Amino acid sequence: MNNIEITNAMTIKLSSELPPAPVFEEGIRRAPNRGLNLSKHEIITALKNALRYIPEELHEKLTLEFLNELKTMGRIYGYRYRPQGRIYGKPVDEYKGILAARALQVNIDNNLDFDVALYPYELVTYGETGQVCQNWMQYQLIKKYLEILNQDQTLVVNSGHPVGIFSSHEMAPRVISTNGLLVGQWDNIDNFKKLAAMGVSNYGQMTAGGWMYIGPQGIVHGTYITLLNAGRQYLGIPEDQDLKGRFFVTSGLGGMSGAQAKAVEIAGGIGIIAEVDYSRIETRHEQGWVSKVSDNLNEIARWMQEYKKTGKAVSIAYSGNVVDLLKYIDQRNIFVELISDQTSCHAVYEGGYTPAGITFEEGRELIKENPDKFKNLVDTSLRRHYRVIKRLTEKGSYFWDYGNSFMASVFDAGETEIAKNGRDTSEGFIFPSYVEDIMGPVCFDRGFGPFRWVCLSRKYEDLRKTDLAVMSSLNPNLSALHRDNYHWIKNAEQNKLVVGTKARIFYTDEEGRVNIALKFNEMVRNGEIGPVLIGRDHHDVSGTDSPFRETANIYDGSRTTADMSVQCFAGNVARGMTLVVLSNGGGVGIGRASNGGYGLLIDGSERTDEIIKSALSWDVMGGIARRSWARNENAVKTAVEWNKKHGGEGHLTLPFIVKEELAESLVEDMFGK
Ligand SMILES: NC(=O)c1ccc[n+]([C@@H]2O[C@H](COP(=O)([O-])OP(=O)(O)OC[C@H]3O[C@@H](n4cnc5c(N)ncnc54)[C@H](O)[C@@H]3O)[C@@H](O)[C@H]2O)c1
């Protein structure tokens with residue numbers, strides 16, 4: 001076989017013309033050098049892997065260029081293949097192809113927008129390492145496939161690599177994608193890093209490789225709910241009140257963590273958020289998501305007292321390390337009610353966590369020059385970080401883990417007392433995770449999750465009309481959660497949450513999701529709005545198995561199983577979602593989660609009504625079935641209600657309740673007590 005035959009056998013391929021040399025705009029954040037951790041043989045493989053996208057005539061020139069990328073960035077991104085200038089989610093009519101394929105192109109481009117993405121040149125949307133695909137050659141090819149995809153074909157994407165288009169049928173997904181899936185024995189971060197450097201595996205995070213990111217707004221609503229419920233649960237704040245006059249101290253103003261500043265203000269509290277990377281503070285400040293900025297801890301302490309007195313909501317960015325902020329608070333005996341952390345501990349040694357004692361820039365240098373020293377500093381800092389949190393909780397503050405693998409990283413850093421049994425992590429940690437205490441019982445077990453939509457026209461009027469439609473479908477008096485949701489959607493426009501495409505997030509349950517989607521479909525059918533793409537974060541009821549996060553509140557011993565997320569994925573494929581994705585690692589890191597999501601085109605058709613009714617319902621109830629089977633009280637209630645309402649149409653297996661004493665007394669006897 002030679003390259004002439006291969007060229008002739010491929011009608012969809014990259015051009016044999018060399019694209020112009022890449023131009024990098026000043027001021028755009030760049031990914032750090034991930035380090036070259038490959039053997040000689042693996043480097044050769046990596047080069048051959050990248051070159052297989054490219055016609056032979058360009059190999060000689062590009063081999064050196066790709067080797068340079070590998071040496072300076074630790075990855076081959078194929079910068080030259082990035083389309084020049086600004087990439088953003090344009091109005092859907094400006095793309096080529098069938099509507100479903102154009103809709104997905106809007107989302108891919110939105111994930112790479114300079115205003116949205118964390119490291120747009122490196123195809124990283126958020127979460128330090130979460131990529132849309134691995135390199136720009138893949139991006140170009142995916143686009144080419146989407147432009148010619150038919151109504152009865154499916155594009156298959158493996159870790160960003162477009163495998164090809166295959167004949168399917170109209171009710172099948174248009175794209176089925178997986179990211180970073182590894183065979184059990186090799187399912188660990190060190191192996192993954194090698195595979196990523198060789199260009200054969202992608203860390204898709206959740207909606208980065210799942211092509212459904214909608215900017216940090218995606219997480220503001222969830223953070224707002226979490227903060228309000230943390231206040232209710234830990235501080236006894238009544239259901240109809242907010243966080244007025246209460247302190248929330250945390251870290252991170254990045255992709256998702258940036259939501260904390262906005263959310264704490266919407267929830268009425270006083271947020272102090274440490275951030276080591278000044279450029280991220282600037283971004284959030286310019287957006288109006290963080291109100292005050294200082295690197296002076298005395299000034300911050302003064303602001304804290306002023307705002308406490310007036311009871312006004314505010315978010316304050318501390319430009320510095322969170323460990324220093326917490327130490328200051330501890331030494332001055334300032335009482336703070338709530339503490340959390342959103343450094344990127346899921347990628348703790350890859351730049352996600354900057355250790356105390358060095359600057360962000362020094363940290364970046366060290367990762368490149370002396371990764372072992374960097375790792376030691378991270379471990380020392382994590383241990384100090386843990387100890388100061390421990391002292392503050394002893395003085396009455398509440399700490400919870402924000403699903404960023406903070407507690408797992410502290411444990412790995414050698415502070416084993418953070419594990420409940422002081423030995424290993426099998427019984428969890430001494431502090432709750434936000435899913436165990438809040439998100440799990442309050443939201444997921446009742447089917448509430450991060451439903452979202454993108455108005456593909458990019459018109460504000462469309463978003464406004466969808467907001468109003470959602471508001472009119474809501475009864476705020478049903479529960480505290482309904483009231484919080486009503487407050488959220490009513491103020492969404494005024495809170496200026498949109499970055500990138502005109503999108504919205506709204507936590508709602510199975511019935512809510514189905515009804516809202518049907519309503520949108522009717523509005524599209526009637527010409528009131530343009531087409532919409534609905535989807536969700538993977539951080540949801542059914543889509544993700546993640547023992548430190550989404551499934552942290554599963555107590556029947558099954559939280560390390562991954563059946564639910566794989567079934568969710570398969571069920572969504574079977575029911576005809578437009579885009580279906582399954583990934584490894586979610587927001588917690590390779591090997592620690594199996595996560596998936598979907599996108600569904602709302603095009604006004606009757607066919608879409610049918611998909612909404614079956615797929616959206618399945619997408620929530622598959623998780624409720626598992627959560628109720630695990631005996632989670634709210635999930636059992638939700639499942640019982642669903643069975644009563646949907647008899648004949650579907651049926652969930654429910655757990656019989658076992659008297660605690662029965663099993664306990666027998667087992668106590670067995671152990672001779
Ligand atoms: N927001 C949520 O609801 C949510 C849910 C689940 C998990 N998470 C997790 O939260 C983490 C953050 O996500 P992200 O998308 O914002 O990542 P990110 O990498 O964009 O942001 C993390 C920020 O923390 C800063 N940082 C690192 N070390 C620091 C330190 N010692 N002191 C102060 N700042 C420091 C970084 O500079 C960065 O800006 C991830 O691990 C993610 O999986 C968030």
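The exercises below, with worked solutions, concern a predicted model.

**Exercise 1. The ligand shell**

Determine how many residues surround the ligand, which elements and domains supply them, and how they divide by class.

*Solution.* 
Step 1. The ligand is surrounded by 35 residues. Gly254, Gly255, Gly403, Asn404 and Gly587 are the closest of them.
Step 2. Assign the shell to secondary structure. At least two residues come from each of α7 (217–235) and β7 (270–275). With 3 residues, α7 provides the largest share.
Step 3. Assign the shell to domains. Domain 1 (3–146 + 153–197) and domain 2 (217–432) each contribute at least three residues.
Step 4. Sort the shell by class. There are 19 polar, 12 nonpolar and 4 charged residues.

**Exercise 2. The packing of α13 and α14**

Classify the arrangement of helices α13 and α14, and identify the residues that form their contact.

*Solution.* 
Step 1. Take the geometry. Helix α13 (residues 360–369) packs with helix α14 (residues 371–394) at an angle of about 130 degrees, and their axes are 6 Å apart.
Step 2. Apply the cut-offs. Angles over 145 degrees count as roughly antiparallel and those from 65 to 115 as roughly perpendicular; α13 is therefore oblique to α14.
Step 3. List the contact. Helix α13 contributes Gly363, Leu366 and Ile367, while α14 contributes Pro371, Lys373 and Phe374.
Step 4. Classify these residues. The contact has 4 nonpolar, 1 polar and 1 charged residues.

**Exercise 3. The surroundings of Thr393**

Locate Thr393, decide whether it is buried, exposed or partly exposed, and name its contacts beyond its neighbours within four places in sequence.

*Solution.* 
Step 1. Thr393 belongs to helix α14.
Step 2. Count its neighbours. Thr393 is partly exposed because 14 other C-beta atoms lie within 10 Å.
Step 3. Set aside the neighbours within four places in sequence; Thr393 is then in contact with Tyr398 and Phe399.
Step 4. Compare sequence with space. Val336 is 57 residues from Thr393 in sequence, yet their C-alpha atoms are 9.4 Å apart.

**Exercise 4. Two positive phi angles**

Describe the phi angle, location and burial of Ser159 and of Asn333.

*Solution.* 
Step 1. Recall the background. Most residues other than glycine have a negative phi.
Step 2. Read the angles. Ser159 has a positive phi near 50 degrees, and Asn333 has a positive phi of about 55 degrees.
Step 3. Locate the residues. Ser159 is in the loop between β3 (153–158) and β4 (161–167), whereas Asn333 is in the loop between α11 (322–331) and β10 (338–339).
Step 4. Ser159 is buried because 25 other C-beta atoms lie within 10 Å. Asn333 has 7 C-beta neighbours inside 10 Å and therefore counts as exposed.

How values were computed: Residues are numbered from 1 along each chain as its sequence is written. This is a predicted model: local features need pLDDT of at least 70, side-chain atom pairs count only at pLDDT 80 or more; totals for chains, interfaces and linings use all residues. A residue is near a molecule or strand if its C-beta atom, placed from the backbone, lies within 6 Å of it. Helices (H or I, at least four residues) and strands (E, at least two) are DSSP runs, numbered from the N terminus. Ala, Val, Leu, Ile, Met, Phe, Trp, Tyr, Cys and Pro count as nonpolar, Asp, Glu, Lys and Arg as charged, and the others, Gly among them, as polar. Domain bounds come from an automatic or database domain assignment. Axes are lines fitted to C-alpha atoms, for helices over the stretch in contact, and angles run from 0 to 180 degrees between N-to-C directions. Angles under 35 degrees count as roughly parallel, over 145 as roughly antiparallel, 65 to 115 as roughly perpendicular and the rest as oblique. Two residues are in contact if their C-beta atoms, placed from the backbone, lie within 7 Å. A residue is buried if 20 or more other C-beta atoms lie within 10 Å of its own, exposed if 12 or fewer, and partly exposed in between; C-beta atoms are placed from the backbone.
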